[in-house]
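Open the model in your viewer and keep the selection tool at hand. This tour moves from the whole chain to single residues.

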Amino acid sequence: MNGVNIAFCDGMLLQLDMSTSSPTIVSKQGIGTATIDFYNYFSRYRSSPKEEFLNLLSRPDKEVLEIISEQSLANQFFLDYASSRQGISVKNQQNATKEALIYTCNLIQSAFSDLNAVFSECSNVNKTDMPQSDKALNLFKFDKFTASFILLDNKIVLVYAVNSLHEYLKLDFYHANLSPDSVKHISICPYCGKAFRMSQRNNLYCSKACKDKCIRANNKKSPYYSKYRYLQQYHNRQLNRLRSKMADSLPEMQQLQNAYDAWNEWARTEYEQATRVYNFGQQKEQESVENFGERLKKEWKALIKSCS
Ligand SMILES: [Zn+2]
């Protein structure tokens, strides 16, 4: 196993050639790009979109070889491993390939399910709950990495000697989501399931198209949805306005935040309850959307009043 040397510098992931006395950059890409590419590429090979895990080894070798060869990072580690095994203890080329295939598939599968676990954990997190980075950190417990400092273009950078695909992705994900640099976080789109980079403008869905489609789908499920979402956003803006007015009083700000959290929790339960009643088709008990909205507003006003 020759391994790969990588460093993170100015928002970029650098692959370095360390075999000579002065290290050189072999390739360069944005931090997080490898993780997004890897995840989106292999999620196509789940047996179903709902399936959390990959099972590449259940496919014929020839097919798995093709799948791996089209994903540059996986292929790099596959070839690296295969070449390191040649002529050692393995009798022939075929055995070496088979061994490298099994080894690489296992790494791909474990990296994929780790990413999946982090993504699903993060998407369940309420915004006001503990920060996403803490959750991700718990799941992505750091292994021991071999690293050393080198001088590169007059800068001191930390170089990791990475021995597996799994390590490579862990480091990339870590730097994209947890490092204090202002690199944009990676998240998963709740509508299409693709990994993407969050920005101020899209912080939940990967695109406007997915956002619109998701809202339409929810509207079909419940007539209360758009009212509920509207009030949620409206009250959130109100909360921010009120908070900025009392920036000098922390206890008051906290009180407001608590009121919003309480309302949010309550409104969600009300929304779900109203939707359940609607879906059961109990026509007589069905609440009008207007009444539903009024109830939500009234509760909000009462909670806010108790703060002042
Ligand atoms: Zn999407």
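What percentage of the 308 residues in the protein chain do buried residues make up? The figure is 23%. Keep in mind that this model is predicted.

**The whole chain**

Show the chain as a cartoon. There are 10 helices and 7 strands in it. Now colour by pLDDT. The average for the chain is 82, and 85% of the residues score at least 70. Select helix 1, residues 33-43: its mean pLDDT of 95 is the highest among the elements. Then select helix 5, residues 132-139, where the mean is the lowest, at 55. Go on to residues 125-130. Here pLDDT stays under 50, and the model has 4 contacts beyond four places in sequence for this stretch. Across the chain, 54% of the contacts with a separation of 6 or more join residues 24 or more positions apart.

Next, select strand 1 (residues 4-9) together with strand 5 (residues 155-162). They pair in the antiparallel sense over 4 bridges. Click on Ile-6: its bridge partner in strand 5 is Tyr-160.

Now move to strand 4. It pairs with strand 5 over 7 bridges, again in the antiparallel sense. Ala-147 stands opposite Tyr-160 of strand 5. Strands 4 and 5 form a hairpin with 2 residues between them. Asp-153, in the turn, has a positive phi of about 50°. How many of the 7 residues in strand 4 are buried? The count is 0, and the strand is hardly covered.

**The cores**

Show side chains. The largest nonpolar core has 45 residues. Ile-6, Ile-108, Leu-165 and Tyr-168 have the most contacts inside it. Helix 4, residues 93-123, gives the most to this core, with 9 residues.

Centre the view on Ile-108. Which residues is it in contact with, leaving aside its neighbours within four places in sequence? They are Phe-42, Leu-54, Leu-56, Ala-74 and Leu-165. Another core, of 13 residues, lies apart from the largest one. Leu-256, Ala-259, Tyr-260 and Trp-263 are among its members.

**Along helix 4**

Select Asn-116, which lies in helix 4. Why does Asn-116 count as partly exposed? It has 18 other C-beta atoms within 10 Å, and a buried residue needs 20 or more, an exposed one 12 or fewer. Asn-116 and Ala-195 are 79 residues apart in sequence, but 9.9 Å apart in space, C-alpha to C-alpha.

**Two sides of helix 2**

Finish at helix 2, residues 61-69. Val-64, Ile-67 and Ile-68 are buried here. Turn the view to look down the axis. The buried residues of helix 2 fall within an arc of 95°, so they line one face of the helix. An α-helix has 3.6 residues a turn, so residues three or four places apart point the same way.

Methods. Residues are numbered from 1 along each chain as its sequence is written. This is a predicted model: local features need pLDDT of at least 70, side-chain atom pairs count only at pLDDT 80 or more; totals for chains, interfaces and linings use all residues. pLDDT is the predictor's confidence in each residue, from 0 to 100. Two residues are in contact if their C-beta atoms, placed from the backbone, lie within 7 Å. A nonpolar core is a set of buried Ala, Val, Leu, Ile, Met, Phe, Trp, Tyr and Cys residues joined through C-beta atoms within 7 Å. Two strands pair if DSSP finds at least two bridges between them. The arc is that of the directions from the helix axis to the C-beta atoms.
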